[in-house]
2 protein chains.
Amino acid sequence: MTTLKTWVTVPHNSDFSIYNLPFGIFSVNDDAPKAGIAIGEQIIDLAAISELGLIAVDASYLKQKTLNEFISLGKKITNKVRLDVQQLLSIENSPLKNHSEVFVSQKDAKMHLPVHVGDYTDFYSSIEHATNAGKMFRDPENALLPNWRHIPVGYHGRASSIVVSGTDIHRPMGQVKTNDMEVPVFKASGNLDFELEMGFVVGKSTELGERVSTKNAADHIFGLVLFNDWSARDIQKWEYVPLGPFLGKSFASSMSPWIVTLEALEPFKVQGPEQQPEVLSYLKYEGEHNYDIKLEVCMSSSTSEETTISRSNFKYMYWNMMQQLAHHTVNGCNLNVGDVMASGTISGKDESSYGSLLEISWGGKKPFELKDGSKRTFIEDNDTVTMRGFAEKDGKRVGFGQVTGTILPSK
Amino acid sequence: MTTLKTWVTVPHNSDFSIYNLPFGIFSVNDDAPKAGIAIGEQIIDLAAISELGLIAVDASYLKQKTLNEFISLGKKITNKVRLDVQQLLSIENSPLKNHSEVFVSQKDAKMHLPVHVGDYTDFYSSIEHATNAGKMFRDPENALLPNWRHIPVGYHGRASSIVVSGTDIHRPMGQVKTNDMEVPVFKASGNLDFELEMGFVVGKSTELGERVSTKNAADHIFGLVLFNDWSARDIQKWEYVPLGPFLGKSFASSMSPWIVTLEALEPFKVQGPEQQPEVLSYLKYEGEHNYDIKLEVCMSSSTSEETTISRSNFKYMYWNMMQQLAHHTVNGCNLNVGDVMASGTISGKDESSYGSLLEISWGGKKPFELKDGSKRTFIEDNDTVTMRGFAEKDGKRVGFGQVTGTILPSK
């Protein structure tokens with residue numbers, strides 16, 4: 001990585017360094033939402049710099065409440081916008097220095113869901129999580145199902161209930177039947193959980209019947225976000241056989257507001273775990289397609305400070321995004337710009353790296369403590385869950401900010 | 001039902017009688033798609049009659065490539081449009097008689113997907129189908145899973161690959177592992193199937209956290225369509241545990257182009273099957289919410305005439321649409337206008353009423369014959385599957401037309 005300097009003040013350890021420049025949708029006061037790029041503690045108003053003639057994309061694509069139309073312009077254009085902004089923020093005689101009006105403080109901005117999500121798919125690609133979940137939901141002796149090492153297992157999720165970070169969520173009600181009950185009851189979920197995930201945003205559509213190879217998959221990935229796949233374990237457990245998770249998940253999923261481009265993450269590529277047995281040809285890949293992104297989950301009650309309850313890493317994924325995308329399209333299923341594919345819970349080998357409370361409290365059997373001394377197995381009302389993630393190498397940091405959400409009592 | 005007469009020529013046994021008047025999106029030649037109502041063998045151009053001042057909705061809502069914005073106006077308006085059209089087609093001194101230009105022959109029109117489907121949910125609400133599938137996919141002795149009589153089981157499907165009737169579909173490729181194989185192989189699906197379903201189109205959105213009762217559910221249902229949930233059984237069988245059907249379904253689902261309103265179906269309401277054990281309160285309902293809609297599935301090869309291979313009825317559903325919608329929102333999941341919820345395969349008790357080839361050929365063990373003498377267990381390349389449905393009472397017929405699709409060889 002070439003070393004770059006920006007004349008904008010960027011705090012040490014900021015996720016939004018000159019190397020990052022993620023895209024998002026923001027608004028100020030009652031103004032209409034529009035596209036921006038984050039730098040340090042500020043946002044560059046992309047429509048405003050377009051109108052100054054400083055980037056080669058019409059402002060009409062940027063004065064939108066989602067990034068879908070902008071992303072649809074294609075990587076040749078969206079990458080150029082990012083690189084042009086990088087240069088405008090780096091060069092000594094930058095014309096932006098005379099245009100402080102194009103900068104908005106992140107403190108003054110409201111962030112919105114960055115894309116309209118047409119379809120949302122959730123994978124299940126961490127071998128540690130799949131093994132842990134299998135032990136608890138099914139048979140401890142045969143935790144990993146026979147198909148798991150052959151297929152990046154996934155399912156269709158609910159797109160309508162994806163919300164942006166900071167949105168409060170009411171505890172879901174639903175049908176629950178525990179082993180000691182004769183019949184199910186209708187109640188507020190008692191085992192409310194999070195899932196630490198990352199999601200990628202599709203950047204290039206495909207036609208029905210079109211397959212994307214692992215080799216070409218990166219062309220179809222615009223960028224990544226942090227993703228919290230909130231899960232009501234008691235509802236899920238009773239409903240999920242045989243057609244999979246439904247209401248245990250569809251009450252809400254939370255997404256971080258800044259989409260970090262695949263290009264910004266390029267320096268942080270690493271080799272993924274060895275895949276044994278060998279996968280079918282359409283899932284084989286060349287090169288490094290895992291990403292070394294440090295992740296953490298923090299939890300707080302309404303009275304406590306944050307407690308870090310998990311430290312994981314996106315590099316643990318058994319199945320990488322190129323394989324997920326190749327698999328998703330191998331039957332001819334079409335993709336649209338803005339579709340989100342999430343990784344599934346990202347757990348590592350150590351207990352300290354588990355990505356859900358199901359695993360951390362081992363199905364509710366092992367309580368843990370928050371900073372105020374209160375005990376938790378699952379999420380209680382008014383608890384806040386915050387996930388953060390960043391990649392760092394040679395002192396250069398590219399981060400995601402955070403995805404946070406507070407659980408309110410049931411309605 | 002009051003008896004109505006129309007001055008438009010409507011063939012005997014037409015699905016699109018004066019009592020029906022379903023909404024759809026059509027185009028002629030290279031003109032932009034727009035909204036229409038079917039009557040007999042013709043389509044009324046709604047934008048055109050709006051511009052004549054004959055219906056009280058602005059043409060801008062009707063000159064659209066989907067019905068979403070029109071439906072979003074609410075039932076008070078959309079029902080009035082349908083009733084106003086009914087009157088215009090019934091009265092002797094109708095101003096439409098002088099405006100033949102507002103009628104388009106269905107033969108000359110191309111039909112489009114009537115709505116943009118934000119989210120698509122597929123239920124599994126026929127007890128006969130769930131029992132048959134359970135016997136073949138799982139344990140013949142415990143075919144119906146313990147949750148089935150308590151929950152209208154459903155899962156999220158893929159919205160992007162829903163296509164309008166008449167769209168050809170390529171046989172999907174995918175991973176398959178039969179019991180005699182040591183490892184999975186990548187191949188064209190050998191067990192390609194249809195599922196005879198009906199779907200309803202959501203007509204009124206809800207907010208995240210909002211629950212809809214069975215009593216209010218009808219307000220949120222705009223109308224119904226025929227729905228073919230194409231299924232690759234071999235792909236499905238290997239992939240579906242534990243997170244449900246995915247690529248075995250997402251290559252395509254086909255929908256009939258005319259949305260028959262819930263109001264047009266009102267006279268055909270019947271009592272549903274008794275539900276035992278008693279369901280939880282939020283699933284209880286009053287009145288009749290099943291619909292007596294006769295359904296048939298026909299199949300033909302490229303050289304044969306159609307063979308009717310199933311005759312079923314929508315009234316067989318164990319779980320009704322009001323229960324499905326109440327269940328779907330009970331956790332606070334939000335709905336958008338245009339969302340589609342499909343019934344799941346509609347099978348009756350008799351073999352002649354099974355709604356999928358999985359059941360008709362009993363997992364491939366019982367071949368059946370087409371009119372050209374060729375045998376089938378599953379769908380072969382160049383076969384066409386056509387589903388039709390109508391309700392009829394006192395000589396008054398309200399039908400759906402058809403949903404048809406031809407399977408082309410794998411790409």
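Q: Which way do strand 14 of chain B and strand 17 (residues 260-261) of chain B run, and how many bridges join them?

A: Two strands pair if DSSP finds at least two bridges between them. Strands themselves are DSSP runs (E, at least two residues), numbered from the N terminus. Here, two bridges join strand 14 to strand 17 of chain B, and the strands run antiparallel. Gly223(B) stands opposite Thr261(B) of strand 17.

This is a predicted model, in which local features need pLDDT of at least 70 and side-chain atom pairs count only at pLDDT 80 or more, while totals for chains, interfaces and linings use all residues. Residues are numbered from 1 along each chain as its sequence is written, chains are lettered from A and ligands numbered from 1 in the order in which they are written, and side-chain values use heavy atoms, leaving out hydrogens and water.

Q: What is the bridge partner of Glu197(B) in strand 14 of chain B?

A: Glu197(B) has Phe227(B) as its partner. Strand 13 (residues 196-202) of chain B is joined to strand 14 by seven bridges, antiparallel.

Q: How many residues of strand 14 of chain B are buried?

A: Buried means under 20% relative accessible area, with a 1.4 Å probe and protein chains only. Eight of the eight residues of strand 14 (residues 221-228) are buried, so the strand is largely enclosed by the rest of the structure.

Q: How is the area buried between domain 1 and domain 2 of chain A made up?

A: The size of an interface is often given as the accessible area lost when the parts come together. Buried area is summed over both parts (1.4 Å probe). Domain 1 (23-112) and domain 2 (120-408) of chain A, with bounds from an automatic or database assignment, bury about 1300 Å², of which carbon and sulfur atoms give 65%. In domain 1, Phe23(A), Ile71(A) and Lys75(A) lose the most area to domain 2.

How values were computed: Buried < 20%, exposed > 50% of the residue type's maximum accessible area, 1.4 Å probe, protein only. Helix = DSSP H or I, 4+ residues; strand = E, 2+ residues; numbered from the N terminus. Buried area = accessible area lost by both parts, 1.4 Å probe.
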